[in-house]
Amino acid sequence: MRTHTLADGLRPRRSLWLSRRARWTAAVVAVLVVAVAAGAVVYRFNQHPYAFDRLTRIGEVTFPGAADEPGIRAFLDGNRAFIGHPAAGGHFHLRAVDVEKPAGAPIWTNTSLTGVESFSYARGSVVVVSRPDRAGLRTITLLNASNGVPFINLEVNRDDRWELVGKYFVRYRAADHKLVTTDVGTQKQISALDQPAGEHRFWLTDNWSHQQVPTSLDGAAIDEPITVDPHLVRAVAGDGVEVLSLSSGKPDDTAQGVAGPEDIVYPYAEQVFVAGNGTGYRVHAHDRLKLGKAQWTWTSPDQQAKLGELVTCGERLVCAVEARRVTALDIRTGRVEYRIDIDGARTLLPVGQRLMLRDATGAVLLDDTGHVMRRWPGQRPARLDDGSYLLLPTDPPAGAFPWLGVQADDGATRELGDVDVEPSTCTWSHTYVACASGPGQFVFYRVRAPWYSGRL
């Protein structure tokens with residue numbers, strides 16, 4: 001057997017084109033991998049709350065002709081601030097300004113409003129509430145947040161209860177005990193239902209998105225969540241409960257014998273929680289599309305305990321708050337996650353796996369097991385964003401007083417500086433603080449330092 005060997009010049013050579021293509025492919029893949037990794041790092045940084053900076057004064061603006069009367073207030077929406085103040089002759093002046101350039105030309109101005117009692121901001125709209133007239137009627141005016149132009153006026157009676165839920169205006173009409181829903185975009189009435197149970201026996205649906213927005217010191221949201229649940233729960237005949245779709249004005253489900261006239265009802269996400277108002281209470285969880293049968297029931301082990309409120313205290317937790325105790329229940333199973341002794345708990349503000357609340361002494365931060373991470377005596381908490389809190393004195397002294405910032409994950413606290421303002425006129429967001437500092441005067445601060453600023 002003979003083996004023939006080809007000459008060097010006749011041996012097949014690997015294609016240069018293939019090797020070049022392989023090298024280019026490898027280079028492109030490497031560039032993409034680096035870009036994705038860098039993007040992931042930047043994204044991850046941006047998901048972390050920026051470090052607290054000391055309150056850095058951006059600027060102040062003063063408007064002439066202001067009246068020294070109640071009603072002055074500011075609200076934030078990104079880099080915009082909506083600022084309003086009473087003016088001479090019963091007028092009310094409302095403006096939108098650039099927070100970074102508050103003394104510059106306003107984005108828009110509306111000086112045609114009169115008889116204004118208060119105003120607020122809901123995503124996309126500025127909500128202006130008038131004082132009641134002699135007949136007890138007041139007007140709710142919605143202004144386009146982009147240009148300050150009114151687009152709908154809604155009349156209510158001083159005895160009515162009303163709520164703005166996304167684009168739906170819900171009014172309990174006391175005169176004839178009707179629950180009326182109106183689409184503020186189309187300005188068409190969707191439904192008018194008998195509501196003999198009264199103004200206090202319908203409940204808006206809470207969700208986790210609502211627990212991510214800034215709050216006032218009283219725990220009220222000062223911005224609208226990104227996701228608004230267009231449902232409410234109301235009491236009906238036969239100790240019944242009904243889940244009402246605001247978009248259609250029709251019930252998604254109804255069941256009798258679910259909640260008595262004195263029971264506490266709390267709709268959260270896809271469930272409705274019902275608890276007795278007496279001692280030795282029970283908490284029942286219901287699927288809001290299957291109200292007739294409870295998913296689970298939890299009974300308080302203390303037969304003398306009386307429930308104060310049901311409220312979310314984590315994305316998948318509902319807390320039963322008593323005068324001297326808080327019990328966290330898993331919303332899926334009813335399992336007790338923790339049960340702790342705490343005196344006078346109120347204003348529960350969850351952030352991620354942490355919970356800030358007020359007790360009889362001040363602010364308290366809990367971890368996900370109910371362990372007290374830190375206490376701040378004499379302080380009141382407000383949620384700043386989905387990762388941090390503000391703390392202000394329970395009884396602010398005259399003049400400037402200290403503001404504190406708290407990172408929720410570890411309880412790290414930073415002194416932000418002393419500010420001489422009335423907290424009830426202030427609003428805050430992830431980045432800014434805006435307050436009234438006098439009649440027709442507003443001051444703006446920056447409270448965050450971006451991660452790329454080098455000031456962490």
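User: What is the torsion about the S-S bond of Cys 426 and Cys 435?
Analyst: In this predicted model, residues are numbered from 1 along each chain as its sequence is written, and local features need pLDDT of at least 70, side-chain atom pairs count only at pLDDT 80 or more, while totals for chains, interfaces and linings use all residues. Side-chain values use heavy atoms, with hydrogens and water left out. Cys 426 is joined to Cys 435 by a disulfide (a pair of cysteine sulfur atoms within 2.5 Å), with an S to S distance of 2.0 Å. This disulfide is right-handed, because the torsion about its S-S bond is about 115 degrees.

User: Are Cys 426 and Cys 435 buried or exposed?
Analyst: The term buried stands for under 20% relative accessible area and exposed for over 50%, with partly exposed in between (1.4 Å probe, protein chains only). On this scale, Cys 426 and Cys 435 are both buried.

User: What is the torsion about the S-S bond of Cys 313 and Cys 319?
Analyst: The sulfur atoms of Cys 313 and Cys 319 lie 2.2 Å apart and form a disulfide. Cys 313 and Cys 319 are both buried. Their disulfide is right-handed, because the torsion about the S-S bond is about 85 degrees.

User: What box do the C-alpha atoms of the chain fill?
Analyst: The chain consists of 456 residues, of which 48% count as buried. With contact meaning heavy atoms within 4.5 Å, 43% of the contacts between residues at least 6 apart in sequence join residues at least 24 apart. Taken along the principal axes, the box filled by the C-alpha atoms is roughly 115 × 60 × 50 Å.

User: Which residue in S16 does Ala 235 stand opposite?
Analyst: Strands of a sheet pair through backbone hydrogen bonds, either parallel or antiparallel. Strand S15 (residues 231-236) and strand S16 (residues 240-245) pair in the antiparallel sense, over six bridges. The residue in S16 that stands opposite Ala 235 is Val 241.

User: What is the relative accessible area of His 177?
Analyst: His 177 belongs to the loop between strand S11 (168-173) and strand S12 (178-183). Its phi is near 55 degrees, a positive value in a residue other than glycine. Most residues other than glycine have a negative phi, and most peptide bonds are trans. His 177 counts as partly exposed because its relative accessible area is 41%.

User: What is the relative accessible area of Ala 269?
Analyst: The loop between strand S18 (264-268) and strand S19 (271-275) holds Ala 269. Phi of Ala 269 is positive, near 55 degrees, in a residue other than glycine. Ala 269 counts as partly exposed because its relative accessible area is 25%.

User: Which residues does Ser 191 touch, not counting residues up to four places away in sequence?
Analyst: Ser 191 is part of strand S13 (residues 188-194). It counts as buried because its relative accessibility is 7%. Beyond four places in sequence, Ser 191 touches Leu 179, Val 180, Thr 181 and Gly 249.

User: By what distance are the C-alpha atoms of Val 129 and Glu 199 separated?
Analyst: Val 129 is in strand S7 (residues 125-130), and it is buried because its relative accessible area is 9%. Apart from neighbours within four places in sequence, its contacts include Val 116, Arg 138 and Trp 162. Glu 199 is 70 residues away from Val 129 along the chain, and the separation of their C-alpha atoms is 19 Å.

Notes. Helix = DSSP H or I, 4+ residues; strand = E, 2+ residues; numbered from the N terminus. Pairing = 2+ DSSP bridges.
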